[in-house]
Amino acid sequence: MLSINNLHARVEDKPILKGVTLEVPAGEVHAIMGPNGAGKSTLSYVLSGRGGYEVTEGSASLNGEDLLELEPNERAAKGVFLSFQYPLEIPGVPALTFIRTAVNAQRRARGEDEIAAPAFLKLAKEKAASLKIDFEMLKRGLNVGFSGGEKKRMEIFQMAMLSPKFLILDETDSGLDIDALKIVSEGVNALRSPERGMLVITHYQRLLDYIKPDRVHVLAAGRIVASGGPELALQLEAEGYDKYVGAAA
Amino acid sequence: MSLSTAIENSDLPSRRHEDWRWTDLRGLIRTVPPVSPVFFDVIKSSGPFEGQANAELIIANGRQNWWPGKDAETVEFFEHDAPDNPYDRASLPMAAIAADHAIEPRASIIQFNGDDAASVRFVSATDGTSHHARLGVVVKAGVSAVLLESHEGRGDRYLANTLIEIFLEEGAKLERIVLADDAAEAVAVTTAIVKVAAGATFNQTVLTGGARRQRIETHVAHPGAHAQVRLDGIYLLNAQRHADQTTVVTHGGVDGVTTQLTKGMVADQARGVFQGRIIVAEGADQTDARMGHHALILSDRAEIDAKPELLIFADDVSCAHGNTIGALDEEAVFYARQRGIPELEARAMLTQAFVGEVVERIEHDGAREIAAAWVAKQLGRSEEGGAE
Ligand SMILES: Nc1ncnc2c1ncn2[C@@H]1O[C@H](COP(=O)(O)OP(=O)(O)OP(=O)(O)O)[C@@H](O)[C@H]1O
Ligand SMILES: [Mg+2]
């Protein structure tokens with residue numbers, strides 16, 4: 001599924017990723033943990049194609065297809081979805097309009113027919129209900145004036161509507177209250193399937209109680225410095241990153 | 001002053017006129033274009049406000065045809081063969097030329113006696129010719145009217161010069177929607193002179209895609225006296241198009257409200273001009289005036305020239321203006337692209353959202369929908385993205 005090999009990337013001449021190698025097979029959920037500034041968001045941006053990053057070495061592919069060659073919207077149409085650490089506000093574009101535009105753009109890119117308005121609305125109502133999102137909120141400008149937790153829930157709503165193949169969740173748990181964490185996790189777990197892969201970036205083991213990872217990786221100073229099973233997250237929670245920060249430097 | 005005299009004397013508005021420094025006509029019109037021929041075919045086709053008004057006035061190549069609606073009593077039509085020309089060529093050069101050169105009848109007049117909507121279509125149908133037209137609009141006391149005005153470029157390289165004089169009697173209300181769809185190489189100037197009586201409301205929205213050189217100018221004599229004026233605009237320009245929205249509002253008495261909101265976008269080598277002047281005369285206290293102009297520049301070679309001016313000679317007023325010019329939020333563009341929306345579509349969507357606020361201020365439902373569709377089309381978007 002997702003193969004990252006010796007990936008190096010820099011921002012404004014500052015090297016951030018310094019040789020990330022990672023394999024997420026279809027059907028698996030991998031968690032990435034690591035100290036602030038380690039490069040976790042950078043990795044998610046490089047995979048999704050945000051401007052301003054220069055890949056200097058290495059590769060990243062999804063199901064054998066080179067991701068780094070594609071435009072961000074092409075990657076999205078191939079199934080890459082990034083749940084942003086800080087979702088953007090889009091004034092003047094109602095959430096529903098935005099998502100429908102996205103759904104149809106992806107369908108067009110894949111040579112499929114656009115979704116009809118009634119079918120779209122029905123699906124949106126279902127998904128909103130399961131994520132406990134007030135449908136009226138979807139008529140407001142996307143994320144405008146939404147609380148931090150509401151924005152995260154809206155990310156998962158969009159994900160549910162787009163049903164992507166590969167999910168990257170960048171600190172989707174931050175800002176969520178206890179109930180919202182559960183609802184959001186259920187939303188994510190609903191998408192777990194043998195064809196899908198996920199990369200879950202988080203600082204807290206708590207999320208991993210809900211979204212159970214197959215593997216846990218530690219990213220420090222731009223490299224994966226340790227990998228293990230779910231127990232690694234528990235160990236990090238108890239011991240912190242001290243020994244890895246030293247190892248990466 | 002005749003047009004030929006103006007050209008010979010180099011008297012057409014040019015950079016030398018402070019108020020025309022960004023919309024030079026002299027450099028473009030060096031010889032007198034022939035007078036546009038009679039053109040009737042346009043009657044068969046419909047304008048952008050089709051179906052929104054019973055009464056329709058078509059002024060094609062400067063010559064009028066009046067189609068009274070079913071209810072002829074609420075909207076009346078007159079012709080005036082010898083109206084005076086009170087316009088001073090120094091301050092209103094193109095209005096003065098239009099008043100002198102309007103083709104017979106020298107002026108058409110629409111009068112609203114009861115609540116109604118009328119559409120007025122200024123059609124420029126021929127390549128390389130010129131015409132001048134003059135229209136009067138009267139809204140009787142207490143009457144609420146809608147004027148749906150289109151400028152339709154069917155030919156190209158024409159010079160179209162239009163003068164519109166609007167009189168709102170006491171307590172009258174007029175919403176004027178101007179949709180200017182001029183040809184790429186045309187030169188088009190429309191000047192509206194609006195006289196507002198006590199307690200009247202004048203609301204205007206100008207939508208334009210520009211022309212080779214285009215100016216839509218509005219002068220409002222505001223009496224204060226609980227009268228309300230709203231002057232809005234949208235310009236969406238690409239290629240080498242130019243659009244100038246100039247407004248002058250003079251508050252002459254106490255207790256008047258003016259709000260203005262113009263938003264625009266320029267791409268390629270287009271040029272947008274906004275000149276907004278609000279004058280609050282001595283003694284015009286309790287004036288409330290707000291002006292906003294906000295624009296997006298989407299290319300290095302595009303240009304926006306903006307001059308918001310508040311000239312205040314009264315003491316007790318509440319006036320404010322805001323003027324911002326910037327680029328699209330690249331973070332928002334990436335966010336949309338990450339969701340699968342191609343770059344151009346993402347930019348168009350965000351631009352549409354940016355000007356949408358102005359569209360929402362249109363009160364007439366039909367006109368508001370037409371304006372929204374026009375914006376979408378102008379940005380190369382279909383309505384399909386909408387999920388209402
Ligand atoms: N545009 C930029 N210019 C300069 N430095 C940048 C830029 N963007 C990111 N960085 C730097 O890159 C490093 C990695 O940032 P990144 O956001 O990827 O960290 P992170 O692991 O996601 O941290 P956190 O846990 O705080 O979210 C940081 O030191 C950050 O300051
Ligand atoms: Mg981060």
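**A walk through chains A and B**

Strand 9 of chain B, residues 173-181, is largely enclosed by the rest of the structure, because 7 of its 9 residues are buried. The model is a predicted one. Buried here means under 20% relative accessible area.

Strand 7 of chain B covers residues 144-153. Strand 7 and strand 9 of chain B run parallel and pair over 9 bridges. One pair to find is B:E152 and its bridge partner B:D181, which sits in strand 9 of chain B. Next comes strand 11 of chain B, residues 201-208. It is joined to strand 9 of chain B by 8 bridges, and these two strands also run parallel. Here the pair to find is B:A180 with B:T208, the latter in strand 11 of chain B. What holds such partners together? Strands of a sheet pair through backbone hydrogen bonds, and the pairing can be parallel or antiparallel.

Now step back to the whole of chain B. How many helices and strands does chain B have? It has 5 helices and 19 strands. Its C-alpha trace spans about 65 × 50 × 50 Å along the principal axes. A compact globule of 388 residues would have a radius of gyration near 21 Å, and the 20 Å of chain B agrees with that. Of those 388 residues, 59% count as buried. Contacts across the sequence tell a related story. Take the contacts in chain B between residues at least 6 apart in sequence: 83% of them join residues at least 24 apart.

Turn to chain A. It has 9 helices and 12 strands. The radius of gyration of chain A is 18 Å, close to the 18 Å that the globule rule gives for 249 residues, so chain A is as compact as a globular protein of that length. Along the principal axes, its C-alpha trace spans about 55 × 40 × 35 Å. Of the 249 residues, 57% count as buried. Among contacts in chain A between residues at least 6 apart in sequence, 67% join residues at least 24 apart.

The accessible surface of chain A comes to about 10500 Å². Carbon and sulfur atoms account for 49% of it. Chain A carries 29 positive and 33 negative side chains, with the centres of the two sets 4 Å apart.

Within chain A, A:I4 stands opposite A:L22 of strand 2.

End at a helix of chain A. Helix 3 covers residues 95-109 and includes A:A109. Is A:A109 buried or exposed? A:A109 has a relative accessible area of 56%, so it is exposed, the cut-off being over 50%. A:A76 is 33 residues away from A:A109 along the chain, and the C-alpha atoms of the two are separated by 9.6 Å.

Definitions and conventions. Residues numbered from 1 in each chain as written. Chains lettered and ligands numbered in written order. Predicted model: local features only at pLDDT ≥ 70, side-chain atom pairs only at ≥ 80, totals over all residues. Heavy atoms only, no water. Helix = DSSP H or I, 4+ residues; strand = E, 2+ residues; numbered from the N terminus. Rg over C-alpha atoms; globule rule 2.2 N^0.38 Å. Buried < 20%, exposed > 50% of the residue type's maximum accessible area, 1.4 Å probe, protein only. Contact = heavy atoms within 4.5 Å. Areas by Shrake-Rupley, 256 points an atom, 1.4 Å probe, with all protein chains shown as cover. Lys, Arg positive; Asp, Glu negative; His and termini not counted. Charge placed at Lys NZ, Arg CZ, Asp CG, Glu CD. Pairing = 2+ DSSP bridges.
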